[in-house]
Amino acid sequence: MKAAGEEGYAKWFAAVSGEAYQIHGGTTRVAFQQMDPMPLVEVSVNGGPAKRFTFYTGAPNLSMARVGGQGGRA
C-alpha cells in the first residue's frame, strides 16, 4: 500500500494484528432499531451505557465512528 501511495491505508492496516475473524467470549444477536436511511443498532460495549451505532456496508472497509467522544478499543 505504501508503495502505491496509500500511506494512510498502510498505517491503518499495519496497526491491525492477530488472527482475523476471531470471536472471544459470548455472542448475542442485536436487533436493528431502524433500517432507513441506514442500519442503526443500540448496544452496550464492555458493560458501558447503551449507545446507538450505525455502520455503512457499501464501503471497501467497515468502520464505526466514535459515539459521543467515548469511542475506543473494545
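**View 1. P49 touches V43 and S44, with residues up to four places away in sequence left out of the count.** Contact here means heavy atoms within 4.5 Å of one another. This is a predicted model, in which local features need pLDDT of at least 70 and side-chain atom pairs count only at pLDDT 80 or more, while totals for chains, interfaces and linings use all residues. Residues are numbered from 1 along each chain as its sequence is written, and side-chain values use heavy atoms, with hydrogens and water left out. P49 sits in the loop between β2 and β3. With a relative accessible area of 55%, P49 is exposed (exposed is over 50%, buried under 20% and partly exposed in between, using a 1.4 Å probe and protein chains only).

**View 2. The whole protein, before we zoom in again, holds one helix and three strands.** Both kinds of element are DSSP runs numbered from the N terminus: helices are H or I with at least four residues, strands are E with at least two. Starting at the N terminus, the order of the elements is α-β-β-β. Of the 74 residues in the protein, 7% are buried. Among contacts with a separation of 6 or more, 10% come from residues 24 or more positions apart. The protein exposes about 6800 Å², and carbon and sulfur atoms supply 53% of that area (accessible areas come from the Shrake-Rupley method with a 1.4 Å probe; for residues, only the protein chains shown count as cover).

**View 3. The three strands make an open antiparallel sheet in the order β1-β2-β3.** Its edge strands are β1 (32-34) and β3 (51-54), each of which pairs on one side only. On average, neighbouring strands of this sheet are turned by 45° against each other, direction ignored (the axes are lines fitted to C-alpha atoms, for helices over the stretch in contact, and angles run from 0 to 180 degrees between N-to-C directions). Two strands count as paired if DSSP finds at least two bridges between them. β1 and β2 run antiparallel and are joined by two bridges, whereas four bridges link β2 (residues 40-43) and β3, also in the antiparallel sense. To find your way along the sheet, look for F32 opposite V41 in β2 and for V43 opposite K51 in β3.

**View 4. A cis peptide bond joins D36 and P37, with omega at about 15°.** As background, most peptide bonds are trans. P37 belongs to the loop between β1 and β2. Those two strands, β1 and β2, form a hairpin with five residues between them.

**View 5. L40, in strand β2, is a buried residue with contacts on several sides of the sequence list.** The relative accessible area of L40 is 14%, so the residue counts as buried. Setting aside neighbours within four places in sequence, L40 is in contact with A31, F32, Q33, Q34, R52, F53 and T54.

**View 6. E42 and R52 meet through their side chains in a salt bridge, at 3.8 Å from N to O.** E42 lies in strand β2 and R52 in strand β3, so the pair ties together parts that are 10 residues apart in sequence. The structure holds one salt bridge (a side-chain nitrogen of Lys or Arg within 4 Å of a carboxyl oxygen of Asp or Glu). In general, side chains of opposite charge can pair when their charged atoms come close. How accessible are the two partners, E42 and R52? E42 counts as partly exposed at 41% relative accessibility, and R52 as exposed at 55%.

**View 7. Y9, W12 and F13 make a nonpolar surface patch of about 300 Å².** Patches are made of residues with over 30% relative accessible area and no salt bridge; like charges are joined within 9 Å, and nonpolar side chains (Val, Leu, Ile, Met, Phe, Trp, Tyr) within 5 Å. W12 is part of helix α1 (residues 7-14).
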